[in-house]
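Below is a short briefing on one protein chain, arranged by topic. It starts with a single residue and then moves to other parts of the chain.

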Amino acid sequence: MGELRQASDRAVMTEVVLPGVVEPGGLQVRQQPVPAPGPGQVLLVMEASGVSFAEQQMRRGKYYDQPPFPFTPGYDVVGTVVSVGPGGDGALVGRRFAVLIKTGGWASHLLVPAADLVEVPEGVDPAEAETLVVNGITAMRMLHRVARVRPGRTVLVLGANGGVGSTLVQLARHAGLRVIGTASLRHQEAVRELGAIPIDYRTPDLTAEVRKIAPDGVDAVFDHIGGEGIVTSFQLLAPGGTLVSYGTASTRDVEGSSKWPVLKVVGRLQLWNALPNGKHAHFFNIWAGRRRADAFRSRLRADLTQVLTLLADGAITPQVAARVPLSRVADAMTLAESGTVTGKVVLIPDAARDGSGDTGGSPA
């Protein structure tokens, strides 16, 4: 806490700015005055913020509802409260919280609504907790609120070595499910260690490989890829099975509208839901229901608290691909987009040093 308080005392903060559609090296690292929290806000000192697929899309101007440029990315953050706004609860100061924010996390200090704070269990490493904020909520909800697969059934997780995928595998195994996970050959041992049956995602006939393991089809498919491959995902379902689509990774580098790939997938899912075959298809949006703010926050807090409790209890293992200082955000983005890591790349304060993880931008 000494280093964190010194940073606040200097009244200078570091933030990353995405100025437009740029390569990773075009991300700007700037110094700004530390802001003061207003009513209902707290000032959080960042201890960890993730590099997720959302930021990769934002860098290309391809995220569905990203703000206009320039802005500070950072979908989620874990940090310690150092001050509260007028009339705020002083008992929050000095405690560690996780927050889902969509943008703003790539900064040494940030203002967040006190109502959005979710406490991190005592003794949990902030970078490890960070890997389970957006990824944990996404995985928990898709598995238990959308697919609702019963114990003993089989599910297919595409990209099982990724941030959401590796979390999904572990939560599914914890729920008593058999898991098939796609990954490149270099990541298959890591996927196997998580408890899944690995399949090479480059296989020329994914259907045949999955049918060898689940002849009648799988009970759920979790697909972040989208594009034409979504058809195969739906066809792999067993009667009564559920397809959960939660991204359009296949179109990340395709020029054009940021909204059309999502709308195309959603349209297909709606059509398939109308077919009389007993199968189900959903597009998962983590922000659905946010207009009812109190209910949204209550569900989010419950789901994230459950995931963080599993982490604290050792029931799931966090997948920290690397810990990279905030000022080296270009290295972090390049690494996250390389497809060479398992889990999530995490940004940490430049002053942070942790002998259990790497701060130089290579896989942990």
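Val231 counts as partly exposed, because its relative accessibility is 25%, which falls between the 20% limit for buried and the 50% limit for exposed. The model is a predicted one, and the values here are computed from it. Val231 is part of helix α8, which covers residues 229-235.

**Surroundings of Val231**

- Setting aside residues up to four places away in sequence, Val231 touches Arg268 and Trp272.
- Val231 and Leu269 are separated by 38 residues in sequence, and their C-alpha atoms lie 9.7 Å apart in space.

- His187 counts as buried because its relative accessibility is 4%, and the cut-off for buried is under 20%.

**His187: contacts**

- When neighbours within four places in sequence are left aside, His187 is in contact with Asn161, Gly339, Thr340, Val341 and Thr342.
- The side chain of His187 makes a polar contact of 3.2 Å with the side chain of Thr342.
- The His187 side chain also reaches the backbone oxygen of Gly339, at 3.3 Å.

**Overall fold and dimensions**

- The protein chain contains 11 helices and 15 strands.
- The radius of gyration of the protein chain is 20 Å, close to the 21 Å from the globule rule for 364 residues, so the chain is as compact as a globular protein of that length.
- The C-alpha trace of the protein chain spans about 60 × 40 × 40 Å along its principal axes.
- Among contacts in the protein chain with a separation of 6 or more, 68% are between residues 24 or more positions apart.

- Of the 364 residues in the protein chain, 53% count as buried; His187 is one of the buried residues, whereas Val231 is partly exposed.
- The protein chain has an accessible surface of about 15400 Å², and carbon and sulfur atoms account for 51% of that surface.

Technical notes. Residues numbered from 1 in each chain as written. Predicted model: local features only at pLDDT ≥ 70, side-chain atom pairs only at ≥ 80, totals over all residues. Heavy atoms only, no water. Buried < 20%, exposed > 50% of the residue type's maximum accessible area, 1.4 Å probe, protein only. Polar contact = N/O pair within 3.5 Å; in protein donor to acceptor, adjacent residues only side chain to side chain. Contact = heavy atoms within 4.5 Å. Helix = DSSP H or I, 4+ residues; strand = E, 2+ residues; numbered from the N terminus. Rg over C-alpha atoms; globule rule 2.2 N^0.38 Å. Areas by Shrake-Rupley, 256 points an atom, 1.4 Å probe, with all protein chains shown as cover.
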